[in-house]
Number of protein chains: 2
Amino acid sequence: MHTSEVGNNEESMATITGHLASFSLWSSSSPKFPNSSRFSCSASKSPLQHGNRMAYMDFPYVSPSHKDLMVDLASTLDTRLSSFLNPCNLPPDVQSYQNDTGTAHAALHLRSGLHSSPIDFMLGSWLHCALPTGGALNITSLSAYLNSSTDAPNFLIELIQSSPTSMVLILDLPPRVDLVLNPDYLKTFYQDTQLDQHRQHLDKLSEVKPYFSSSLYIRAVVSPTAILVRIETERLEEMIETHVGPIAKEVLKTWLDVCAFGERVVGESERDWLRKRDDMSKSKTIEIDLGSNLPRLFGQETANRVLEALKEVF
Amino acid sequence: MHTSEVGNNEESMATITGHLASFSLWSSSSPKFPNSSRFSCSASKSPLQHGNRMAYMDFPYVSPSHKDLMVDLASTLDTRLSSFLNPCNLPPDVQSYQNDTGTAHAALHLRSGLHSSPIDFMLGSWLHCALPTGGALNITSLSAYLNSSTDAPNFLIELIQSSPTSMVLILDLPPRVDLVLNPDYLKTFYQDTQLDQHRQHLDKLSEVKPYFSSSLYIRAVVSPTAILVRIETERLEEMIETHVGPIAKEVLKTWLDVCAFGERVVGESERDWLRKRDDMSKSKTIEIDLGSNLPRLFGQETANRVLEALKEVF
């Protein structure tokens with residue numbers, strides 16, 4: 001990836017599929033933070049590394065606040081959904097991979113839902129990519145997709161950082177039906193949950209500006225209360241601790257309570273429609289997000305391996 | 001309308017239905033600009049006034065640049081679509097109306113499309129409302145809706161002004177299908193037409209900030225390239241002449257060339273779907289836009305008269 005493209009592509013790398021992550025204050029060769037051992041992709045394996053690979057929950061390149069937030073969100077999802085999820089069955093070289101020169105690292109964590117559950121899958125990722133300027137592009141993300149037993153929204157968070165003082169935050173419950181045709185759905189999941197208050201809170205901060213994805217499809221996929229913002233500040237740590245973290249945890253709680261554990265009755269014809277829409281959304285997102293970026297960052301062979309593994313659930 | 005509500009309600013008065021208009025630099029009792037005679041609601045009638053009422057194309061309260069832009073857009077629509085449109089059949093007291101105290105004036109201009117045409121209707125409006133502070137709320141709007149013979153997007157522009165130095169601009173081709181499920185539609189009408197370049201152009205100006213409608217439904221109705229901005233400047237006239245005007249004319253040209261005169265094949269089952277979605281969109285918009293505001297501004301009797309007339313086409 002060329003530095004000049006970061007501005008346009010920083011979020012197209014990961015939005016919605018939301019699979020890759022890391023942080024840019026530190027170089028790729030010398031992570032400065034201790035690895036976490038709180039979380040493992042598969043309960044029976046070492047939580048930390050597969051061989052010399054760094055796993056999803058290690059978040060090796062990110063600041064303490066950033067890492068704490070991602071670990072907290074992933075652990076919350078893991079705990080609340082534990083009875084619904086299969087272990088992560090990704091091959092080790094998809095759970096963690098890098099390019100030939102070692103300037104780009106990434107980790108993936110994917111757990112599919114049991115058929116009897118409302119969960120399609122949950123997906124966590126980080127990506128770290130050293131930039132020619134000496135900085136780095138770092139993306140951390142976590143998403144959860146529901147299956148067609150419910151039409152409730154999915155969950156998505158991504159933190160995208162291309163400089164020590166600038167971060168893009170994408171936080172949303174993307175809807176799974178056409179909101180124009182379904183005002184009751186809009187009321188249930190977006191108005192009654194008062195999700196917009198979080199966007200409004202951030203909007204009042206001088207360091208925060210609205211962010212527009214370069215992909216029109218991504219703009220169409222998100223909800224009317226989506227938080228898509230760029231945060232520009234010397235004090236990113238404080239911003240994460242004081243604003244981003246509490247809001248992200250609150251939005252995840254809303255998603256768990258109202259969406260994942262909400263009771264929705266979906267008829268058979270609506271299920272067919274949902275599956276069609278979900279399939280389109282997921283395949284377009286893979287195409288936009290990873291189709292061109294993964295080969296460029298990691299080479300065609302690794303890209304193919306990762307994409308094949310993802311396509312099995314996507 | 002209370003001044004304190006202008007911030008939240010300034011666009012909910014008119015968005016999407018987009019029917020009402022005027023301008024706030026001048027008081028409601030002494031319009032300073034000559035009326036236009038270029039346009040008439042019905043070709044056989046006086047273009048200017050019905051009795052002592054001011055008609056849509058008069059734009060009596062707005063600045064020269066603002067008026068010129070609205071007249072240009074409405075004339076362009078009228079000329080290009082002339083063979084498709086019926087005359088305006090609204091009763092005179094709906095074409096122009098005011099409240100008992102004369103502090104609120106409005107005009108409506110509505111022409112339905114011939115059944116053989118792709119046009120459902122075009123609707124123009126202005127609203128002027130004196131505020132207790134001595135200023136005024138002024139809204140001008142113009143929209144064009146297509147019928148179910150095509151699924152191409154509609155056209156919408158609104159200029160909403162609640163102070164001499166602040167204006168909200170809403171300019172969009174609202175889609176008529178679920179974009180998540182129809183990426184080809186997104187490509188045809190939004191990517192290939194390069195509509196986002198206009199939003200990007202405005203986004204680069206320091207006087208321009210993104211604007212978020214207080215209505216989540218309105219946010220859901222607009223397209224990914226929608227221009228929803230607040231312009232804050234002492235030089236609004238210059239801003240309209242240099243930026244808003246040229247962009248609005250270009251977007252209308254795109255709509256006419258690609259949407260109104262574009263060839264789309266729509267199957268019978270898709271038509272049913274389109275009608276259902278269009279009906280929902282229009283009725284929700286009336287409810288959001290006018291349901292509570294018209295009675296407050298003009299009294300229940302006038303509000304009922306106007307709403308009844310609109311519901312015949314909406």
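Trainee: Which strands of chain A does helix α10 (residues 300-311) lie across, and at about what angle does α10 run to β3(A)?

Mentor: Helices (H or I, at least four residues) and strands (E, at least two) are DSSP runs, numbered from the N terminus, and contact means heavy atoms within 4.5 Å. In this predicted model, local features need pLDDT of at least 70. Residues are numbered from 1 along each chain as its sequence is written. Helix α10 of chain A lies across β3, β4 (104-112) and β5 (119-130), running at about 155° to β3(A).

Trainee: What order do the strands of the open sheet have, and which are the edge strands?

Mentor: Two strands pair if DSSP finds at least two bridges between them. Here the open sheet of 8 strands has the order β3-β4-β5-β6-β7-β8-β10-β9 in chain A, with antiparallel pairing, and its edge strands, each pairing on one side only, are β3 (96-98) and β9 (208-210). From one strand to the next the twist averages 15°.

Trainee: Over how many bridges do β8 and β10 of chain A pair?

Mentor: Strand β8 (residues 166-172) and strand β10 (residues 227-232) of chain A pair in the antiparallel sense over 6 bridges, and A:L169 stands opposite A:V229 in β10(A).

Trainee: How do the axes of α2 and α7 of chain A cross?

Mentor: Axes are lines fitted to C-alpha atoms, for helices over the stretch in contact, and angles run from 0 to 180 degrees between N-to-C directions. The axes of α2 (residues 64-80) and α7 (residues 236-260) of chain A come within 9 Å and cross at roughly 10°, which means that α2(A) is roughly parallel to α7(A), a label for angles under 35 degrees.

Conventions:
Chains are lettered from A and ligands numbered from 1 in the order in which they are written. This is a predicted model: local features need pLDDT of at least 70, side-chain atom pairs count only at pLDDT 80 or more; totals for chains, interfaces and linings use all residues. Side-chain values use heavy atoms; hydrogens and water are left out. Angles under 35 degrees count as roughly parallel, over 145 as roughly antiparallel, 65 to 115 as roughly perpendicular and the rest as oblique.
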